[in-house]
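Here is a short briefing on one structure.

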Amino acid sequence: MSEEITTDFSRRMSYGDYLRLDQVLSAQQPLSGRHDEMLFICIHHVQEVWMKLMNHELELAIGCIRADDLRAGFKALSRVGRVQQQMTGAWDVLTTMTPSDYLSFRDSLGSSSGFQSWQYRLLEFRMGGKNVFMLKPHAHRPELMAVLEPALHAPSIYDEALSLLARRGLPVPAEVLSRDMTTPHAAHPGVTEIWRGIYERSTEHFDLYELAEELVDLEDAFQTWRFRHMRTVERIIGYRRGTGGSAGVAYLKGVMDKRFFPELFEARGIIQPPA
C-alpha cells in the first residue's frame with residue numbers, strides 16, 4: 001500500500017498547496033510577544049472563516065427563496081445552522097483567557113475591534129440588521145464598500161420570505177413590501193397574522209411553515225452566538241470600553257434586544273391549538 005501513496009510533490013499539487021496553508025498559517029502574527037495573543041488571533045481568524053462560509057450559504061438561501069426553490073434554500077440554511085454551532089463553541093475556547101492574560105497584550109490591538117468586521121456586517125445586512133452608519137468603518141476600502149453597499153440596499157432574507165408570501169397570495173401589506181430596504185424591518189400586525197395562519201394551517205402551507213421554522217432557527221442561533229460573545233467579553237474585560245470605542249458589553253447587550261424576524265416570535269403568543 002505504501003508504494004501507492006503519492007509522496008513526490010515537486011510537480012504535483014499537495015494538500016498544503018490546495019489550501020494555501022502557507023498563507024493561512026502565516027497570518028497569525030502576534031504583536032506583543034505575549035503568549036495568549038496567539039489564542040486571541042486564532043479564535044478571530046476561525047470566526048472570520050466561518051462567517052465567510054455563512055455568507056456564502058446565506059447568499060444561496062436568499063436566491064433560492066427569491067426563486068421559490070425552498071428545498072435547496074433549506075439545505076443552505078441547515079448548513080448555516082451547523083456553522084453557527086461551531087462559531088458559538090469557539091467562545092468556549094476563548095474563555096480560557098483570564099482578564100490579566102488579555103490586558104497583557106490589549107494595547108497591541110490599537111483601535112481595532114470585532115465591531116469593524118465587514119463580514120459580520122454583511123451577515124447582519126443579509127439577516128435584515130440594516131444600518132447605514134455601519135458602513136463608516138469601511139469607507140476607506142472601496143472594494144469592501146462595493147460589497148456592503150449593495151447588501152445594504154438589497155432585500156434581506158426576511159424581505160425575500162415576505163415577498164414569497166405575497167406571491168403565494170397571502171395579504172402582505174403593501175407598505176411592508178415597498179419599504180426602504182436600507183432600514184430594519186419593523187414588526188407589522190398584518191404580517192404577524194399571516195404567520196399565525198401558516199402555523200395554524202401548517203398542513204396547507206407546509207413549505208412556508210418549514211420556512212418559518214428555518215428562519216426561527218437562524219435567528220435563535222445568531223442570538224445564541226451574540227449572547228456567548230457578550231458573556232465572554234464580560235468575563236474577560238468586564239465593563240471596560242471596547243478597543244474600537246464602543247461601549248463594550250453594554251453595546252453587545254443592546255443588540256441582543258433587536259429582532260431580525262419579529263413577527264415570527266410575536267405570532268407564537270397568539271397561535272391557537274388545532275380544532
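Helix 8 (residues 157-167) has 8 of its 11 residues buried, so the rest of the structure largely encloses it. Buried means under 20% relative accessible area, with a 1.4 Å probe and protein chains only. Helices are DSSP runs of H or I, at least four residues, numbered from the N terminus. This is a predicted model: local features need pLDDT of at least 70, side-chain atom pairs count only at pLDDT 80 or more, and totals for chains, interfaces and linings use all residues. Residues are numbered from 1 along each chain as its sequence is written, and side-chain values use heavy atoms, without hydrogens and water.

**Helix 8**
- The buried residues include Ile-157, Tyr-158, Asp-159 and Glu-160.
- Ala-161, Leu-162, Leu-164 and Leu-165 are buried too.

- A pocket is an open set of points on a 1 Å grid over the protein atoms alone, where a 1.4 Å probe fits, with protein on both sides within 12 Å along at least five of seven lines; lining residues have an atom within 4 Å of a point.

**Second largest pocket**
- The second largest pocket holds about 370 Å³.
- Among its 19 lining residues, Glu-124, Gly-129, Lys-130, Pro-184 and Lys-258 are closest to the centre.
- Helix 6 and helix 12 each give two or more residues to this lining.

How values were computed
Points joined across faces, edges and corners; volume = space filled by probe spheres on them. Buried < 20%, exposed > 50% of the residue type's maximum accessible area, 1.4 Å probe, protein only.
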